[in-house]
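Open the model in your viewer and keep the selection tool at hand. Each stop below tells you what to select and what is there.

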Amino acid sequence: MIAQAFDYAAPKTLDEAMTLIAAGAKPLAGGMSLIPMMKLRLAAPEQLVDLARVKDLNYIRESGNQLHIGATATHYAVESSALVRAKCPLLAAAAASIGDVQVRNVGTIGGSVAHADPAADYPAALQALDAQIVIRGAKSERTVSAADFFVDAFTTALETGEIVREIVVPMEDSSTSYQKAPQPASGFALVGVAVRVRKNGDRIASARIGVTGLANKSFRASAAEKALEGTAGTAADVQKAAALVPQGVDANSDLHASADYRKHLASVYAARALTAALS
Amino acid sequence: MATTITKTELLVGKRIRRREDPRLITGTATYVDDIQMPGMHHAIVLRSPHAAAKILSINTRAAEGTPGVVAVFTGKDTKHVGPVPCGASLPGLRVPHHYILATDRVYFVGHPVAVVVATDKYLARDAADKIEVDYDVLKAVADPEKALAVGAPAVHPEWPDNTAFNYHQEGGEVDKAFADAEVVIKQRITSQRLIPTAMETRGVVAEWHAADRQLNLHSSTQIPHLLRSLVAGMLGLEENRVRVITPEVGGGFGSKLNVYAEEALMGFVAMQIGKPVKWIESRRENFLCTIQGRGHVDYYELAAKKDGTILAIKLKIVQDLGAYHQLLTPAIPTLSVLMMPGLYRTKNIRADVVGVFTNCVPTDAYRGAGRPEATHGIERMVDILADELKMDPAEIRLKNFVTPEEFPYPTATGLTYDTGNYAAPLEKALGIVDYKNLLKEQAAARQQGKVMGIGISTYGEICAFGPSPATPAGGWESATVKIEPSGKVTVMTGACPHGQGEETTFAQIAADELGVDIDDVLVIRGDTAIVQYGIGTFGSRATAVGGAALYFALQDLKAKIKKFGGMLLESDDVSYSGGEVICNKTGASKPLSEIAGATYRAMKLPPNTEPGLVATYFWEPPNFTFPFGAHIVITDIDRDTGQVKIRRYVAVDDCGNLINPLIVDGQVHGGVAQGVGQALWEQAVYDDSGQLITGELMDYALPRAHMMPWIESHHTITPTNVNPLGVKGVGEAGTIGASPAVVNSVVDALSPLGVRHIDMPLSPEKIWKLMGGNN
Amino acid sequence: MKISGTYTLPFPRERTFALMQDPEALARAIPGCEGLQHVGPDEYKMKMKMALASLSGAFEGKVRISDSVPPESFRLIVEGSGRIGFMKGEGLLTLAAVEGGTDVSYDGEAQVGGTMAAVGQRLIDGTAKMMIKRFFEKLAAEAAS
Amino acid sequence: MKIELTINGKSHSHDVEPRLLLIHYLREAIGLTGPHIGCETSLCGACTVQLDGKAIKSCAMFAVQADGADIVTIEGLAAGGELDPMQVAFWNEHGLQCGFCTPGMIMASKQILDRNPHPSEEEIRHGLEGNLCRCTGYQHIVNAVKAAAATAGK
């Protein structure tokens with residue numbers, strides 16, 4: 001219940017924050033993952049840099065055909081944003097299924113993405129949305145696709161001294177759905193599937209399926225996407241595609257769900273998400 | 001919702017809102033962690049990360065040198081403190097010496113090894129990290145059946161068979177019944193270990209007044225007086241020099257019906273440092289070190305006739321005790337044995353219990369304590385029998401019930417059931433769900449490939465613990481009622497309510513009996529310096545035993561009031577009603593306030609008359625009470641995922657008279673939630689090395705609001721004749737009725753697949769596999 | 001927890017076997033290992049720093065090799081303990097020559113205790129897999145050396 | 001570090017260690033023991049308070065993070081002497097037993113109605129996801145939130 005002592009800074013500008021992070025400080029966003037770990041002393045950073053007061057990090061705005069979400073926008077802000085709900089309901093749905101109300105009021109998109117919990121909700125949606133992660137280093141910025149950002153469990157493309165500054169989501173006219181089987185104790189996804197499909201006439205022109213919880217990292221179920229594209233999206237098409245989602249995946253196993261069951265759930269929830277999106 | 005009360009109405013039987021709530025809803029109640037004292041220190045207990053290990057050395061030097069640290073104690077400092085007590089006795093029971101801090105060996109993960117005391121809890125926590133303990137890790141055993149196997153690691157080296165006791169009980173002619181049986185069914189049924197998880201963890205504040213040799217112990221407990229007696233013994237203090245004060249208690253469910261190492265340890269620390277000390281259990285410690293419930297592996301055999309008549313039941317219980325006996329650990333499975341006949345007429349019962357040591361935290365009383373395990377088993381077996389005989393589960397129950405004219409009914413396990421009408425709640429529940437049409441609906445649903453189940457449980461339980469000969473520390477309860485000089489009424493109960501609402505129900509009883517406004521009544525509990533000796537709150541006993549004690553104290557008090565009122569009215573022919581003593585001849589009256597005032601001023605008392613208006617009653621119940629009920633659960637199972645959805649939960653409970661139906665409903669709801677929790681989600685899982693892998697709320701799934709079904713709570717009322725209130729007790733009923741109702745429903749849903757039994761918790765994956773998994 | 005799998009290393013079987021018994025190569029390959037110190041035949045003391053997301057902790061432990069049947073198989077035991085808990089992994093590694101290298105199959109048990117076991121249940125399987133993967137990747141990288 | 005914040009309408013200023021949790025600050029420095037500590041993994045919700053109008057778990061935040069914030073705890077609801085309608089609803093509906101989860105439960109329930117004045121039963125249950133109660137089975141709590149919503153609608 002009591003963290004080890006640490007130094008704390010809450011700079012107002014990103015430059016100040018980046019200087020401290022470059023010097024080894026640990027960035028603190030909402031702290032919904034980090035602080036419980038610190039209380040159990042599983043994490044013991046020597047210095048925290050609180051990003052909450054960095055003004056130009058907390059925003060949700062539209063620019064051209066893209067949605068820009070600052071790293072410290074809370075899950076609640078994303079979930080309740082009229083803009084996100086109208087232009088990218090998938091992201092709002094993923095945000096709304098994270099943890100509980102209190103956690104969503106404090107937890108941030110940047111923190112969650114950077115933490116890369118293999119069972120987090122956002123990554124599935126970001127994969128399906130072909131989102132871009134804007135990474136800020138001490139001196140420069142770079143942009144990485146969601147597909148490349150998530151490397152392994154808790155492992156991302158972030159290098160030492162870098163933070164997630166912004167999430168960029170392309171907005172396009174599509175049908176989406178996020179379906180999740182929550183673990184009953186923690187609410188984390190046993191499996192979560194985000195889908196985005198676009199039809200051209202009566203054919204599926206493009207399909208994107210992002211999966212979380214199944215393996216060590218979120219991923220796009222490319223084989224299933226391909227199987228779906230060009231079809232009419234009938235129930236049979238959906239079933240066929242959904243069956244491909246877990247294929248070849250090295251699925252995780254724990255006391256709440258074996259690897260086999262997780263794979264099965266991935267198919268079931270993929271089918272449900274596709275059906276919901278196509279209906 | 002609560003009803004509004006007009007003053008002339010009787011309060012017993014009314015849904016009135018609780019009198020304890022104003023402090024709770026405003027956040028102004030005082031729980032143990034809310035206590036602050038000048039000079040108070042803080043203690044952190046260092047615990048073993050291993051389930052079995054020898055302690056080779058403990059180096060506390062660095063911790064002692066940490067700023068703010070005033071002391072570090074280890075097992076060698078506390079060796080002289082008496083062992084953590086086991087209050088249960090069984091023939092041949094092996095009782096390991098349970099030091100309050102480990103000495104040379106640890107026996108379970110979480111075993112206390114050292115205590116750090118500092119001026120600040122943050123500093124104490126820092127210092128605890130600096131203690132170096134060198135362990136020689138040994139092989140552990142966490143599963144009770146594995147512990148019984150030849151060659152298993154010995155939890156206690158002196159008892160290599162890991163057996164703490166063997167207990168046998170038998171009634172009737174079991175062998176003959178089995179020989180005569182037309183049908184015999186057998187089933188292994190487990191009742192998994194559960195973590196009670198009171199929302200408030202345990203906690204203690206101890207203060208030592210050396211000059212007075214007085215130890216004040218503020219502890220979150222269900223049993224203040226027993227705790228006082230036992231801690232005094234452990235610390236070698238005179239019992240009247242220990243005062244236990246129970247502040248607000250944030251739930252117990254049996255987990256605080258105990259005497260824990262930390263309670264004596266904080267007393268020890270306070271005496272050593274001469275300052276108050278506070279210890280508050282973390283949730284992680286609560287999972288590791290507070291008793292757990294259940295932990296049964298049961299082997300049932302049931303003999304019956306083809307017409308469904310149950311002839312005999314055999315049961316072998318393998319009880320996982322954990323590494324030690326806590327207060328009642330070995331007694332819990334014997335309650336399962338008592339409960340074995342359930343509501344059924346069978347006279348032939350045989351039970352064999354083997355109590356097994358494992359390298360886990362001890363099991364002990366958790367909501368229901370032994371009775372849920374038995375009821376779960378019996379209610380499962382009756383369903384399996386029904387399936388075997390192709391009979392309707394409701395019909396087979398109705399056929400075997402003890403009938404109303406058979407009461408008092410002596411059971412094969414030596415109990416005498418007080419009163420009952422077992423068919424009544426079942427028939428009521430069947431009516432509520434419209435059973436006949438429900439069966440048709442189910443048949444139609446199955447035609448459409450849907451997986452729908454109907455589950456019935458008809459439970460009985462043993463409540464109002466209990467007659468003293470059957471209860472380790474006395475089964476009576478006490479009450480004192482004082483009329484203050486102003487006429488206000490103070491009730492002191494030896495029970496120790498902690499959420500059950502007796503500050504309200506007892507005030508209802510007192511207000512009715514004395515004819516006073518409920519606002520004039522104050523109920524006090526939980527301070528051994530104020531309240532007469534009492535037993536405590538557990539086993540659905542507070543109202544059925546403590547309320548009865550209150551009732552008798554009130555009768556004594558009313559006699560005194562009448563006597564004094566008669567003196568003031570100068571009449572021998574008086575009656576007491578509506579808060580007044582009335583002269584039956586003249587109609588003249590004196591209100592209670594005036595009588596009380598006169599009694600205490602004592603100006604006009606005849607010689608040899610004792611002033612004051614106080615009555616104390618210690619009531620010994622002649623028997624337990626035996627509530628019963630019927631729960632019906634309708635489930636729908638997701639074919640794709642195995643997820644169970646409870647569509648409908650109907651509970652018809654008969655707990656005798658209801659003092660406050662609003663509170664009774666609350667007890668039923670909460671009980672059902674814990675039973676549903678066991679059926680569907682909860683399970684303490686240990687790995688082979690004795691690590692609790694559901695070691696935090698991250699992995700131990702408690703029911704949350706969105707997981708619970710709506711509970712339709714109904715009653716039939718069959719008053720008991722054991723106590724004058726006619727109440728039987730309701731604290732555990734919901735828990736006992738729920739788990740078999742849910743499991744029976746799910747098994748029923750899967751019965752077309754040939755499924756006869758599933759062990760709890762009914763995880764979606766388990767059900768998915770039974771439905772064929774990937775095939 | 002059971003762990004098993006197969007990883008292909010790009011070396012002939014003899015080289016692979018030798019590499020996996022080489023304390024310096026092991027020290028480079030075991031994730032977080034800060035050095036192995038020889039304490040007995042086929043037994044080494046190990047200092048390890050584990051960092052995974054925000055979880056971090058120092059461990060002290062040992063690495064032991066037993067039942068060696070060169071170049072076919074051996075048993076590897078790795079254990080460590082620290083403030084945040086302890087872990088132990090034990091497994092039989094079997095080497096089979098295949099085209100272009102050696103298949104190393106492992107089959108064993110992993111055990112985790114202490115605080116990190118309490119909160120990390122859902123992560124242990126994944127983490128173990130990740131650490132094994134990193135171990136073999138680092139070994140494979142020895143090709144360059 | 002020095003922090004300044006408003007708690008239940010009053011300004012407070014303290015010098016605190018960065019690692020001091022907000023819940024410990026409220027309970028020990030300010031003496032507001034209404035918010036409780038029921039776990040260390042921010043899963044029980046007993047410590048829930050309102051920070052700048054949002055329900056948060058005060059055990060999962062350091063006091064320094066709350067510098068400048070406006071906090072309302074359970075004690076702040078009836079500060080004027082009159083109970084908040086949600087408190088009254090919990091009382092009338094028997095929405096509590098041991099009372100330990102109640103302060104957090106009431107704060108979370110208020111958040112539900114702040115954002116959705118007419119929630120369905122499902123929405124209420126969903127809104128209480130972050131709060132554990134081991135006594136009530138939640139049913140009377142759900143009733144309380146419904147009742148408070150109905151009162152507010154009058």
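This is a predicted model: local features need pLDDT of at least 70, side-chain atom pairs count only at pLDDT 80 or more; totals for chains, interfaces and linings use all residues.

**Stop 1: chains D and B**

Select chain D and chain B together. Here 52 residues of chain D are in contact with 55 residues of chain B. The two chains bury about 4800 Å² between them. Carbon and sulfur atoms carry 55% of that area. Now pick out Trp91(D), Arg134(D) and Gln139(D). In chain D, these three lose the most area to chain B, together 19% of what that side buries.

**Stop 2: polar links across the interface**

Stay with chains D and B. How many residue pairs are in polar contact between them? The count is 31, with both residues at pLDDT 80 or more. Five salt bridges also cross this interface. For one of them, select Asp33(B) and Arg27(D). Their closest N and O atoms are 3.3 Å apart.

Next, colour the helices of chain D.

**Stop 3: a pair inside chain D**

Select Asp84(D) and Lys110(D). They form a salt bridge, with the closest N and O atoms 2.9 Å apart. The pair links distant parts of the chain, 26 residues apart. Asp84(D) sits in the loop between H2 and H3, while Lys110(D) belongs to helix H4. Are these two buried or exposed? Asp84(D) has a relative accessible area of 12%, so this residue is buried. Lys110(D) is buried too, at 16%.

**Stop 4: a pair in chain B**

Move to Arg125(B) and Asp129(B). Their side chains meet in a salt bridge, 3.0 Å from N to O. Arg125(B) counts as buried because its relative accessible area, 17%, is under the 20% cut-off. Asp129(B), at 16%, is buried as well.

**Stop 5: chain A**

Select Arg262(A) and Asp254(A). This salt bridge has its closest N and O atoms 3.4 Å apart. Both residues are buried.

**Last look: the whole structure**

Show every chain again. Over all chains, the structure holds 80 salt bridges. Side chains of opposite charge can pair when their charged atoms come close.

Definitions and conventions. Residues are numbered from 1 along each chain as its sequence is written. Chains are lettered from A and ligands numbered from 1 in the order in which they are written. Side-chain values use heavy atoms; hydrogens and water are left out. Contact means heavy atoms within 4.5 Å. Buried area is the accessible area (1.4 Å probe) that two parts lose on being put together, summed over both. A salt bridge is a side-chain nitrogen of Lys or Arg within 4 Å of a carboxyl oxygen of Asp or Glu. A polar contact is a pair of N or O atoms within 3.5 Å; within protein, one must be able to donate a hydrogen and the other to accept it, and residues adjacent in sequence count only if both atoms are side-chain atoms. Buried means under 20% relative accessible area, exposed over 50%, partly exposed in between (1.4 Å probe, protein chains only). Helices (H or I, at least four residues) and strands (E, at least two) are DSSP runs, numbered from the N terminus.
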